[in-house]
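Colleague: I'd like to learn how to read aromatic contacts and pockets in a model. Could you walk me through them?

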Amino acid sequence: MSHQTGIKANEKLLKFFGKCKEGKTRAIKIIIDNEELSLADYKDVKRDWVKDWGIEQLVERDIPSYILYRLDTKSSLGYDWLLLSWTPETSSIRHKMVYASTKATLKNEFGSSYIKEEIHATIPEEVTYEGYLRHKKEFSAPAPLTMREEEIQELRKTEVKTEVSTETRHKTLNGINFPITQAAIDAIRDAKRGSYTYLQFKLDIAKEEIHLVKASNIDVNALAQMIPKDQARYHIFLYKHTHEGDYLESFVFIYSMPGYSCSVKDRMMYSSCKAPFVTAITDQGIEITKKLEIDSGDEITDEFLQEELHPKKILHRPIFDKPPGPKNRGTKRITRPTVTE
């Protein structure tokens with residue numbers, strides 16, 4: 001339809017389109033004049049978009065027009081715009097057809113990506129702010145159902161579906177994402193900069209938050225003493241060591257859960273929050289080399305961490321000799337299959 005009229009924006013309007021996207025223009029009135037899309041009027045931004053609303057003052061009762069209205073929301077391109085097509089019921093059929101078939105061209109000339117909403121208005125009440133809200137409400141309302149569809153909907157509400165088979169699939173949660181306190185985030189960033197080698201965190205289940213417990217500089221020999229024996233914790237440790245002649249610094253994430261001395265709820269919450277918390281740590285720039293789960297701090301030694309980070313490779317596997325066969329088993333006999341006639 002847009003290519004049937006051949007109506008395009010004139011040079012003045014195209015230049016104004018570029019200027020209005022700077023954010024100072026609130027509303028633009030566009031009409032078709034001399035077979036061209038032309039700028040008829042515009043309004044500058046004064047307050048917010050709701051208080052600036054005055055589209056009813058821009059439209060004329062019997063003459064169609066387009067109104068581009070700048071909203072205050074933004075996308076990656078810039079401000080979002082509302083396109084209102086005003087074709088009053090009293091306008092001629094020719095005008096209605098021309099404006100309807102030229103709207104696509106206007107959107108292309110202005111930039112369809114900037115237009116977030118569109119409204120078609122035919123009476124003055126539809127161009128007021130209250131009319132815009134009614135349009136939004138009606139647009140978001142579900143489509144009316146037929147009597148048959150209503151019966152099916154009621155039937156589905158009363159159904160109880162139980163699917164148990166070898167093909168049944170159940171969705172699982174990816175984890176519980178508790179907010180991290182600002183003190184904990186600051187400590188993680190400080191560890192990234194080298195201020196700390198050890199951080200300890202706990203869950204505040206009542207507040208649903210992750211809190212910092214300790215931040216200090218320790219070596220691997222003191223790490224075991226930092227791990228509580230009766231409470232679950234998360235730990236970040238910067239393991240400084242050498243391997244095959246190279247000096248390495250590796251961040252290790254440790255999840256300590258001291259057996260059944262913790263409640264079932266604690267074990268479940270710490271297990272569910274672990275993966276999202278690790279993701280949040282890496283988002284702060286810390287590259288976690290190894291993730292460990294332990295029952296007790298006594299497990300953490302220099303040899304244990306070396307083995308976890310750098311497992312020994314078995315280069316030479318033992319070769320087992322083929323065992324000899326039984327003695328005095330006689331000569332091998334060749335048997336031929338019996339052919340049944």
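Colleague: Which residues form one aromatic cluster here?

Modeller: This is a predicted model, so local features need pLDDT of at least 70 and side-chain atom pairs count only at pLDDT 80 or more, while totals for chains, interfaces and linings use all residues. Residues are numbered from 1 along each chain as its sequence is written, and side-chain values use heavy atoms, with hydrogens and water left out. The cluster is formed by F201, Y234, F253, Y255, Y270 and F277.

Colleague: How is a pair of aromatic rings described?

Modeller: By the distance of the centres and the angle of the planes. Rings of Phe, Tyr and Trp (its six-membered ring) pair if their centres lie within 6.5 Å; planes under 30 degrees apart are stacked, over 60 edge-to-face, and the rest tilted. The whole structure has 19 aromatic pairs. In one of them, F17 and F110, the ring centres are 5.1 Å apart and the planes stand at 80 degrees, so this pair is edge-to-face. F17 belongs to helix α2 (residues 11-20) and F110 to helix α3, so the pair ties together parts 93 residues apart in sequence. Helices here are DSSP runs (H or I, at least four residues), as are strands (E, at least two), numbered from the N terminus.

Colleague: Which aromatic pair do F110 and Y114 form, stacked or edge-to-face?

Modeller: Edge-to-face, with 6.0 Å centre to centre and 65 degrees between the planes. F110 and Y114 are both buried, and F17 is buried too. Buried means under 20% relative accessible area, with exposed over 50% and partly exposed in between (1.4 Å probe, protein chains only).

Colleague: Which residue lies over the face of Y79?

Modeller: A charge sits over a ring if NZ of Lys or CZ of Arg is within 6 Å of the ring centre and within 35 degrees of the ring normal. R70 lies over the face of Y79 at 3.7 Å from the ring centre, and the charged end of K74 sits over the Y79 ring, 4.6 Å from its centre.

Colleague: What volume does the largest pocket have?

Modeller: A pocket is an open set of points on a 1 Å grid over the protein atoms alone, where a 1.4 Å probe fits, with protein on both sides within 12 Å along at least five of seven lines; lining residues have an atom within 4 Å of a point. Grid points are joined across faces, edges and corners, and a volume is the space filled by probe spheres set on the points. Here the largest pocket has about 240 Å³. It is lined by 14 residues, and K43, D44, K46, D52 and G54 are the closest to its centre.
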